[in-house]
Amino acid sequence: MTQPPGPTLPEELLLLALDPRRGRPYCRNRFLEYAMAGAALAELELQGRITEQRGEIQVVNPLEPADPVLAALLRSLPAPGKGRSGVTTRGWVRDAGRPAADMCLESLVQRGVLIQETRRFLGLLPYHRHPAGPQSYAGPVRERFAAAERAGLPDHRSRALAALVAAAGLDPHVPGAGLSSRSAMRSLIHERWPAHAVYRNVRQDKSDASGRRAAGGARMNTGSGS
């Protein structure tokens with residue numbers, strides 16, 4: 001299976017999300033994973049392979065795309081006409097986020113677009129960084145996104161990408177994104193169902209983290225007053 005010309009939406013999103021020198025994402029890893037799954041859905045929708053109905057993903061064309069990452073993710077969705085119901089967009093984004101990110105990273109590393117560097121936290125726990133590789137096209141991706149932004153995001157693809165950028169909280173880090181531009185990108189979240197699924201998962205994680213902090217603070221206050 002050959003690689004199609006030009007980057008896919010998940011690849012574009014990943015290259016916008018990573019610091020090309022340090023190889024670190026500009027947002028939390030988990031939020032980026034959600035956004036990668038959302039970007040895969042957005043790409044499959046643009047290719048006419050899936051649609052969304054009442055909060056569920058429906059496969060309308062099961063013919064596998066040329067990109068192997070997208071093909072693998074499409075296979076994880078219920079095939080049409082098999083008597084199986086669709087899967088919820090929010091649930092699929094949460095479950096498929098890590099596989100989508102891992103497969104996309106591996107593909108870009110194999111092609112020299114990114115380099116994988118292994119480091120150790122406190123000298124013990126290994127983790128990875130992914131700076132730009134010798135075949136990187138991160139610069140052109142960022143330039144195209146900035147040009148689309150200046151033009152008012154005139155096409156479906158740029159609007160889908162902008163909505164995902166905002167849903168993951170990456171909008172402060174994209175080229176030339178002023179306050180008005182960032183506000184415009186955030187307004188697209190509710191118009192684009194893949195981005196909205198990403199946003200709902202990000203919001204849930206933030207709410208859960210806030211609840212844990214509040215519970216921890218309450219326990220500390222109770223202990224100090226006893």
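Mentor: Strand 2 (residues 56-59) pairs with strand 3 in the antiparallel sense, and two bridges join them. Two strands are said to pair if DSSP finds at least two bridges between them. Strands (E, at least two residues) and helices (H or I, at least four) are DSSP runs, numbered from the N terminus. The model is a predicted one, in which local features need pLDDT of at least 70 and side-chain atom pairs count only at pLDDT 80 or more, while totals for chains, interfaces and linings use all residues. Residues are numbered from 1 along each chain as its sequence is written, and side-chain values use heavy atoms, with hydrogens and water left out.

Within this pairing, E56 is placed opposite T88 in strand 3. The two strands belong to an open sheet of three strands in the order 1-2-3, with antiparallel pairing. Strand 1 (50-53) and strand 3 (87-88) form its edges, each pairing on one side only.

The loop between strand 1 and strand 2 holds R54. Although R54 is not a glycine, its phi is positive, at about 50°.

The axes are lines fitted to C-alpha atoms, for helices over the stretch in contact, and the angles run from 0 to 180 degrees between N-to-C directions. Helix 1 contributes P10, E11, L14 and L15 to the contact, and helix 4 contributes C104, L105, S107 and L108; contact means heavy atoms within 4.5 Å. By class, six of these residues are nonpolar, one is polar and one is charged. Here Ala, Val, Leu, Ile, Met, Phe, Trp, Tyr, Cys and Pro count as nonpolar, Asp, Glu, Lys and Arg as charged, and the others, Gly among them, as polar.

Helix 4 also packs with helix 3 (residues 68-75), at an angle of about 155° and with the axes 10 Å apart. That makes the pair roughly antiparallel. On the side of helix 3 the contact involves V69, A72 and L73, and on the side of helix 4 it involves W92, A100, M103, C104 and S107. Seven of the residues in this contact are nonpolar, one is polar and none is charged.

Another antiparallel pairing joins strand 4 (residues 117-121) to strand 5 (residues 125-129) over five bridges. There, E117 faces R129 in strand 5. Three residues lie between the strands of this hairpin, in which L122 takes a positive phi near 55°.

A positive phi is also found at L153, near 50°, again in a residue other than glycine. L153 lies in the loop between helix 5 (138-150) and helix 6, and at 8% relative accessibility it counts as buried. In helix 6 (residues 156-167) one finds S158, which is buried at 8% relative accessibility. Apart from neighbours within four places in sequence, S158 contacts F145, A148 and L153.

How values were computed
Angles under 35 degrees count as roughly parallel, over 145 as roughly antiparallel, 65 to 115 as roughly perpendicular and the rest as oblique. Buried means under 20% relative accessible area, exposed over 50%, partly exposed in between (1.4 Å probe, protein chains only).
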